[in-house]
Amino acid sequence: SFFKFKRIRTLFGLYDKNYSWNTQFNSNKDTLYIEFENIINIAKNRTHEWGGEFYFVYLPSWYEYTNIFNNYSNNKNSIMESQDIISIIKKLNIKIIDFNDFLKKQEDPHIYFPFKLPAHYNKKGYQKLAEHISKEIIKK
């Protein structure tokens, strides 16, 4: 129920293979925001050290396009809110590629999810995501 960032932690040698992700996460949101900002800042700096360009790609969830859970974001007590994530990214002066820019223009964004149900994107969704990222990187 929190951002695991396993790949980022592994990349920076911060992943403890002996740590169980099934243990209870005992932290408040403020600590989570600080840790998120620290991890993203490290990733940005390391990328710049080798001459790379760091982008943050925001992938909205299925729930952001439904009324089933009107207060979905208010019920996500244990995870960060999308607007808070974006504000941290902007504060760190990181380029953002927001897939919501594409999805919000669609008549039915749920067609990019398997069987229009909450899950990861489907093949069509990932294809559109790849196209969107490519267009945004070329623009920037």
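Buried means under 20% relative accessible area, exposed means over 50%, and partly exposed is what lies in between, with a 1.4 Å probe and protein chains only.

**Entry 1: ground rules**

I am working with a predicted model, where local features need pLDDT of at least 70, side-chain atom pairs count only at pLDDT 80 or more, and totals for chains, interfaces and linings use all residues. Residues are numbered from 1 along each chain as its sequence is written, and side-chain values use heavy atoms, with hydrogens and water left out.

**Entry 2: salt bridges**

How many salt bridges does a search of the whole structure find? I get six, taking a salt bridge as a side-chain nitrogen of Lys or Arg within 4 Å of a carboxyl oxygen of Asp or Glu.

I looked up Asp-108 and found it bridged to Lys-116, with 2.7 Å between the closest N and O atoms. Lys-116 is partly exposed at 42% relative accessible area, and Asp-108 is partly exposed too, at 25%.

Next I went to helix α5, residues 123-139; helices here are DSSP runs of H or I with at least four residues, numbered from the N terminus. Lys-128 and Glu-131 form a salt bridge at 3.7 Å, N to O. They sit three residues apart in α5, about one turn of the helix. Lys-128 is partly exposed at 26%, and Glu-131 is partly exposed at 32%.

Lys-139 and Glu-136 also make a salt bridge, their closest N and O atoms being 3.1 Å apart. Both belong to α5, again three residues or about one turn apart.

**Entry 3: α2 against α3**

How do these two helices pack? Helix α2 (residues 29-49) and helix α3 (residues 82-91) have axes 10 Å apart and an angle of about 40 degrees. For the record, axes are lines fitted to C-alpha atoms over the stretch in contact, and angles run from 0 to 180 degrees between N-to-C directions. I therefore log α2 and α3 as oblique, the class left over once under 35 degrees is roughly parallel, over 145 roughly antiparallel and 65 to 115 roughly perpendicular.

Which residues meet? From α2 I list Tyr-33, Phe-36, Glu-37 and Ile-40, and from α3 Asp-84, Ile-85, Ile-88, Ile-89 and Lys-91, with contact meaning heavy atoms within 4.5 Å. By class, I note six nonpolar, no polar and three charged residues in this contact.

How values were computed
Ala, Val, Leu, Ile, Met, Phe, Trp, Tyr, Cys and Pro count as nonpolar, Asp, Glu, Lys and Arg as charged, and the others, Gly among them, as polar.
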